[in-house]
Amino acid sequence: MESSFRIIQQIRLFVFVFCLSSYCQPNAFNNTGDYESRSFTETEILKCFLEGRCGPKSTNGFQIPPALVSGLYAWYPLDGDIKDKSGSAHHGYFPGGFWPVTTGPSYTLSRSNLPNGTASFNGTDQYFASDFTPLCDEDFAIALWIFPNNATNNQIMGIQDGIGYDPGPRLLLDATGHLEFSAFFTFWGNSSLTVGTSSTVLTANVWTHITYVHNGGTQQGTIWVNGVGVGVTSDLIPTQDLPSVTGCITGSSPLPWRTGKPLNIGFGFDNPRFYSGRMDDVWFFKGRQLSASDISTLMSLP
């Protein structure tokens with residue numbers, strides 16, 4: 001294993017030196033979205049080796065660890081675009097219609113200091129959408145890195161039928177800086193809500209890994225921050241409209257989460273609606289839960 005690691009490191013060094021000494025120059029790195037250009041290909045090859053993502057189990061030049069393949073719905077590395085690199089072609093898009101006009105996030109240095117390696121959201125008009133639609137009675141997971149410009153009242157992502165409509169699943173930083181997962185049920189008066197918050201307070205201008213893992217059997221989930229489980233969800237009944245709710249009810253009287261499309265990434269329910277900060281490596285899984293080991297693997301990726 002150690003010798004294999006040395007070989008990989010030597011290959012990376014060789015590719016890096018070769019690129020810089022010949023024609024793959026750093027001034028060619030400003031090629032976001034220019035998929036047909038020679039410089040774009042060179043950049044992707046260099047990034048692939050430097051980030052350790054090249055290998056036989058790779059998709060579009062990005063290696064996906066075998067432990068993460070099962071149930072993978074979409075992976076947005078946000079390396080200069082909003083493409084899904086999982087191989088499932090669930091690419092990000094701009095929803096249009098009554099949703100705010102956007103050109104999507106801008107891009108800046110990644111956590112590994114690679115050009116255009118992470119998305120930056122200005123908190124005003126930048127976001128994108130995904131068709132990921134998790135249900136309250138199925139296993140799923142959401143994982144990503146965030147670097148919030150402010151750690152309070154900062155919307156990360158959420159599903160809504162329309163602007164201001166009560167949301168289905170959403171992630172946000174609440175008024176006190178705790179990470180929250182919550183989702184309204186479909187019901188008159190919108191009286192029922194699944195919600196959970198982290199016991200830890202997040203910090204602005206720091207990279208933090210966040211994960212939500214949902215158990216379709218119990219119809220509740222766990223919140224993870226930097227690889228540690230720090231909160232669980234439960235059902236709240238703020239009015240007397242419903243005497244009790246346990247997870248989502250199926251069968252003759254369905255009471256699912258609101259599941260309208262799209263899932264807006266960088267845009268949410270409460271004002272201010274737009275996310276402010278950077279975001280990297282957004283992963284969506286359906287039909288599986290992530291273990292502590294899986295989350296550790298995600299955090300170890302460059």
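Author: Begin with the naming of elements: helices (H or I, at least four residues) and strands (E, at least two) are DSSP runs, numbered from the N terminus. Asp-281, for example, lies in strand β17. This is a predicted model, in which local features need pLDDT of at least 70, side-chain atom pairs count only at pLDDT 80 or more, and totals for chains, interfaces and linings use all residues. Residues are numbered from 1 along each chain as its sequence is written, and side-chain values use heavy atoms, with hydrogens and water left out.

Reader: What is the phi of Asp-281?

Author: Most residues other than glycine have a negative phi, and most peptide bonds are trans. Phi of Asp-281 is near 45°, a positive value. Gln-219, in the loop between β12 (208–215) and β13 (220–225), also has a positive phi, about 60°.

Reader: Is Gln-219 buried or exposed?

Author: Buried means under 20% relative accessible area, exposed over 50%, partly exposed in between (1.4 Å probe, protein chains only). Gln-219 is buried at 15%, and Asp-281 is buried at 5%.

Reader: Which peptide bond is cis?

Author: The bond from Asn-271 to Pro-272, with omega near -5°. Pro-272 lies in the loop between β16 (263–265) and β17 (276–286).

Reader: Which residues touch the most other members of the largest nonpolar core?

Author: A nonpolar core is a set of buried Ala, Val, Leu, Ile, Met, Phe, Trp, Tyr and Cys residues joined through side-chain atoms within 4.5 Å. Here the largest has 38 residues, and Leu-144, Ile-156, Met-157 and Phe-284 touch the most other members. Strand β7 (residues 140–148) gives the largest share, 4 residues.
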